[in-house]
Amino acid sequence: MDLHEKRIPIIKIRDFLIVSIQVDMHDKLAIQLQSQILEEIGRTGAKGVLIDISVLEMVDSFIGRMLSGMASMASIMDAAVVIVGMQPAVAITLVELGLEMPGVDTALNMEKGMEMLEKRLKDLEHNFF
Amino acid sequence: MLELAPDRNFELLGEYAIETEYDIVMARQTVRQFAKKAGMGIVDQTRITTAVSELFRNMYNYAGGGKVLIERGDVESHDALIITCIDHGPGIENLELAMSDGYTSGMGMGYGLPGTKRLVDRFEIQSKINEGTTVRIMKWK
Ligand SMILES: Nc1ncnc2c1ncn2[C@@H]1O[C@H](COP(=O)(O)OP(=O)(O)OP(=O)(O)O)[C@@H](O)[C@H]1O
Ligand SMILES: [Mg+2]
């Protein structure tokens, strides 16, 4: 695996961006992904972001901070972020580490995450009209 | 170099330099492999991997890098994985403060050191201003 060359693809499906993190990210890659996603939100007007971390074997304070920072920046841009598929061992370790990740919604899998976002979008439309 | 109880007899599994962000990733993956080999469960593997990631990043951020020793040995009749992080950075002025939740001298959240301590079975730290910092953690099944 060449750690230097990895770039994480972002896919847009309807109103949502879908990101699947498939590599153990070094810090610059995590920062790059954060700004890449925010740029895509701005460019496409996406209303939600699903980030699949089911293959991530660890989330340390840096990656945790990147994820929660991204969630709060995305919400300023009117997009919701849902973290999908966090492994139980990762969740346990995050709590013990002391990271709360405020403002970060999580879902068991992609389908549940998509449902969360769609429900949110529907609620927003109802409030608007 | 600071010495942390050098009288124990551990088997050296590997020695690695942390000089770049890639080294942090490679070294934490190496630690996970050794934890797996030592028969640790998935949660303990994740704990030790996360703990070392915090320590490696501290070395990289605050000391410009450092050295990692991975050892295995008997600690109070436990089959332990022992990881020692040695740097020759600026040292930590107030260890008690650095070990408290939420304290950071930089842009972090200040959970690296106290969080690491919660994730392992033993945590030892020594630091001397202008000489460097050594952190040694141990984890067993
Ligand atoms: N190896 C080191 N050399 C010098 N100073 C260090 C070292 N490790 C930690 N420190 C000091 O101790 C403080 C606390 O470290 P800790 O890892 O707990 O938090 P942080 O790195 O600031 O934030 P976080 O780890 O949550 O991103 C640091 O801000 C830094 O001042
Ligand atoms: Mg730290």
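I began with strand 3 (residues 78-87) of chain B, which runs antiparallel to strand 5 of chain B and is joined to it by 8 bridges. I took strands as DSSP runs of E with at least two residues, and helices as H or I runs of at least four, numbered from the N terminus. Two strands pair if DSSP finds at least two bridges between them. In strand 5, B:Met138 has B:Ile82 opposite.

The model is predicted: local features need pLDDT of at least 70 and side-chain atom pairs 80 or more, while totals for chains, interfaces and linings use all residues. Residues are numbered from 1 along each chain as written, chains are lettered from A and ligands numbered from 1 in the order written, and side-chain values use heavy atoms, without hydrogens and water.

Next I looked at the other partner of strand 5. Strand 4 (residues 122-128) of chain B pairs with strand 5 of chain B over 7 bridges, also antiparallel. B:Glu124 stands opposite B:Arg136 of strand 5. Their hairpin has 3 residues between the strands, and B:Asn130 there takes a positive phi near 65°.

I then checked cover on strand 5 (residues 132-140) and found 9 of its 9 residues buried. Buried means under 20% relative accessible area, with a 1.4 Å probe and protein chains only. One way point B:Gly132, B:Thr134, B:Arg136, B:Met138 and B:Trp140; the other way point B:Thr133, B:Val135, B:Ile137 and B:Lys139.

Last, I noted the whole chain. Chain B has 4 helices and 5 strands, in the order β-α-α-β-β-α-α-β-β from the N terminus. Of its 141 residues, 48% count as buried.

Notes:
Buried < 20%, exposed > 50% of the residue type's maximum accessible area, 1.4 Å probe, protein only.
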